[in-house]
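Morning, everyone. One model today, and a few minutes on it. Let me put it on the screen.

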Amino acid sequence: MSKMEVKTSLLDNMIGVGDSVLLEPLTEDSFLENLRKRFDHNEIYTYIGSVVISLNPYKHLPIYTAEKVEEYRNRNFYELSPHIYALADEAYRSLRDQDKDQCILITGESGAGKTEASKLVMSYVAAVCGKGQEVNKVKEQLLQSNPVLEAFGNAKTVRNDNSSRFGKYMDIEFDFKGDPIGGVISNYLLEKSRVVKQPRGERNFHVFYQLLSGASEDTLKKLKLDRDFSQYNYLSLDSATVNGLDDAANFRTVRNAMQIVGFMEDEVQSVLELVAAVLKLGNIEFKPESRVNGFDESRVKDKNDLKEMCELLGIEQSVLERAFSYRTVEAKMEKVSTTLNVAQAYYARDALAKNLYSRLFSWLVNRINESIKAQTKHRKKVMGVLDIYGFEIFEDGDNSFEQFIINYCNEKLQQIFIELTLREEQEEYIREGIEWTNIEYFNNAIICDLIENNQNGILAMLDEECLRPGTVTDETFLDKLNTICAEHQHFESRQSKNSKFLTDHSLPHNCFRIQHYAGKVLYRVEGFVDKNNDLLYRDLSQAMYKANHSLMKQLFPEGNPAKINLKRPPTAGFQFRVSVSTLMKNLQTKNPNYIRCIKPNDKKAPHIFTDTLVCHQVHYLGLMENVRVRRAGYAFRQPYEPCLERYKMLCKQTWPHWRGPAREGVEVLLTDLQVAQEEYSYGRSKIFIRNPRTLFFLEEKRRQCLQDLATLIQKIYRGWKSRTHFLLLKKSQVVVAAWYRRYAQQRKYQKIKSSTVVIQSFIRGWKARKILRELKYQKRCEEAVTTIAAYWHGTQARRELKRLKEVARRKHAVAVIWAYWLGLKVRREYRKFFRANAGRKIYDFTIQRLMQKYFLGLKNTVPSMSPIDKTWSNRPYQFLDGAHTELRRMFHLWRCKKYRSQFTEEKKAIYEEKLEASEIFKDKKALYPSSVSQSFKGDYLEINKNPKYQKLNSVVEEKILLADFVNKINRANGKGAPRIFLLTKNNFVLADQKTGQIKACVPLPDLSSVSVSTQVDGFFALKLKEGTASAAKGDFLLSSDHLIEIITKLHRTGAPAANRDQLNIDISDEFLVQFKQDKVCVKFIQGGPKNGSSAACKRKNNRLLEVCVPSP
């Protein structure tokens, strides 16, 4: 169906028949064929009146989206296609708007989809009810209770990978607004026998596999478990892994769900410990041990699993071991203790495992109820959801006690279904004023009475047999049934007095057969008595009660020695009968809604519909009986308004609008169509149609009418569309013509405009050229006058210049002649003095020329600007010796000044330290030459940047001048301990290298002197002034790789700090060091140490430390 198409009735676009009540003809074959047809088109839901039939598709279908929820929200039940959402919405609106408590009964065999159906109902109700923080929390808790119960109550079977092995009934409680405020869960008949034994191809409960697959290694170690499934006897291996089930992911989901529901972390741990204890319990094995009285006594083979289980539960190992070997029977004032043989010990072990797990499951249900129960005490509306076993019939005749009580529960549900369905039909007929006619149907009350009668019922006789003294076996129980129930028409047995069954070979001797409403079921009597007794030895209950585990006293209250009850506990059959009775009373107070789940095939595969299997389920679900009961009166009913709205086009008087009451319109419509009077009846608000043929007649007439109307609508639409298209073309032509005329006028205007502009430009050009020619002529005339004048003035100027030059030459000639004449006179006068002064003048001239050459040559031979460059050019002449030396000195001083001007303050300080080191150690300490090329870094540890020493940096408040690693020499053995050496302006500090803890902080004024050797070692002694507080522990003997820098900085910093001229530095190969009260001589000798090339210190005696220094 396209998105634009809207359905307004169940009958629209129907595949098959959506409501089986409308099947015509109604036979079993037509019923199955209708289900198959709808299933093949992915229509998995079909109605029987208000009952929903659901077929498991075994695949994901896109029919559960949020859009689908909105589509079915607040819609009439029959308004849309059959869907589980329609039933859920109908139930929720009846509860919210009419204050009617509801119950939704979901039945079907294992694998039919009951659990998924209950989830869909709950998720739909959660989606359509109110919002809010508290409401959302309640909804989330109700929804998250499902994963927890599925983990502990579901298992993989041959029919279903997620089969519920217990019955569940949940009452969801709502407030007056229809918002959920809490809930209560009831569980029925957990299949606890699965804990100790599983049929071939099936698994134990999911939680065991989820725990081993999904728990962390740390959790498994605490629980003393191993991931290998084969380590545990209670886990079947042939189906340990299931395709499509991720046990590890499901375990995380369960843990998260338990947290959302409200389980505390210690409670979750306690639950997992009990699950682990059940696995450990299955590994306990027994061996016989003979006693002197000739009886065998059971003993535990390997006590390791027993020990680990006792540690998990907090039980003394000896107490549990004795409970597996002895049984105490109390009667009034007597106690009798008997030994257990191996078979009895295994029975006791399995009974304990089953009881421990089933009681844990009941505790989980109660704990969830505590979390999700409604907090308000005001009146609440209730919607119950029942998810319980469907009718079970094993074809191989292996039906036992479990199948018997399951089928008994389904008999009760069928009984209440028929009663409530008939009651609902009768109430509607009375409400609509239609005469009620009795409907013939099979009443299964006689079968229920056969099972539950307090005197002669099968369950009563089973309880009586279990309580009877003497030898009680399954055969004695069967004999009793044969005696009392032989004449019952629904009971069959080979050994009964009824002779007609004596030769029935399909009925074994150890079996009996009951004819249920769904068919005959053969029950094997083996195990009935034991399963009904469900005994747990009192010794085991008391042993469990003594456990220190937080849950054990709650799970085994009967083990309390102070409250010993000698009364026999109720049997399993009695407890289940009481539970079913309570459930029936609860259901009868509510408005029922039914979902019948059907499994289409045994292969768990999509698109496969097995007729025989579906037919079998149709039989035992009583679906044909349901259809017949529903069709016994009127097959179809509908309110007048929607009926008239749907079929009004079939009559000219009602089409297109009916102005009167809807009922009168329907009467006019049916009269006009000539429908027989006996085919329908008029109720107060509904029209009732007896036969489906009448409804299909109306639908066929409506379909033909809709086709005619569709043709008429198409004709009118095509005419309207064509006229609209024509008018649009006409309007478009006018618009196009107008635009074209506008465009043509614009083009014409543009041409005229451009022509005018061209003409104007030509005229303006002609005028401009004319004016230009006149201006050029005027300019040429002016330039000609100027040129002529210039040429004339030039000629006059050249003539005058020529005249002046002639005058000047004449004057110059006179001056030259006069000068030559005067020179001649002077030379004649001074000739006699020239020879006496010529030598001196020549010498002075020569000297001046040599000095000029020397200075010009020195310019090209000047050395580099480096102060350490000692090259200088040779003097060329001896008379320049003094000048040559003085110039060399002046140049050296000048370039030193230039070099010093480049220094920063920091670099000046470094060179000053280097200079001071030279003054202290040059030619005195053999280690000094190797330190000259090394720069003084100061902070070798980068203490301000290193986060490791951040704490130490914060303790030392002053600026750190030096930070380095040193070794503090121990007087006792001469070995060094690593320390951090820090020097500030006023103190030096020694701190631990690893922790940064300060070991010593000495003010520099307390430092009297420093002693070092003349060798290449790094040892130095810091001597403190006697009487100071720092000298209490004595002097410091240290070694460092940066000795020259440390001593130099101490020398520069120590003198100003102590207000003295300089710190005394003693350089000697033998000096005394004060260690507390004693003075020790430190002696340096040359020789190769054994441990390498560095200096080594050894203790010779109490007064001598000898330092071996390698030869240089």
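The centres of domain 2 and domain 4 are 75 Å apart, taken over C-alpha atoms. Domain 2 is 274-360 + 533-563, and domain 4 is 636-690. Those bounds come from an automatic or database domain assignment.

Ground rules. This is a predicted model, where local features need pLDDT of at least 70, side-chain atom pairs count only at pLDDT 80 or more, and totals for chains, interfaces and linings use all residues. Numbering runs from 1 along each chain as its sequence is written, and side-chain values use heavy atoms, with hydrogens and water left out.

Next, the annotated site. UniProt, in an unreviewed entry, gives "binding site" for G108, E109, S110, G111, A112, G113, K114 and T115. Such annotations may be inferred rather than shown by experiment; positions follow the numbering used here, and feature names are shortened.

Take two of those residues. E109 sits in the loop between β3 (102-107) and α4 (114-128). K114 is in helix α4. Helices (H or I, at least four residues) and strands (E, at least two) are DSSP runs, numbered from the N terminus.

Buried or exposed, E109? Buried, because its relative accessibility is 4%. K114 is at 9%, so it counts as buried. The cut-offs: buried is under 20% relative accessible area, exposed over 50%, partly exposed in between, with a 1.4 Å probe and protein chains only.

Contacts, meaning heavy atoms within 4.5 Å. Beyond four places in sequence, E109 touches K114, and its other partners include R159, C597 and Y620. K114 contacts D387, Y389 and C597, among others.
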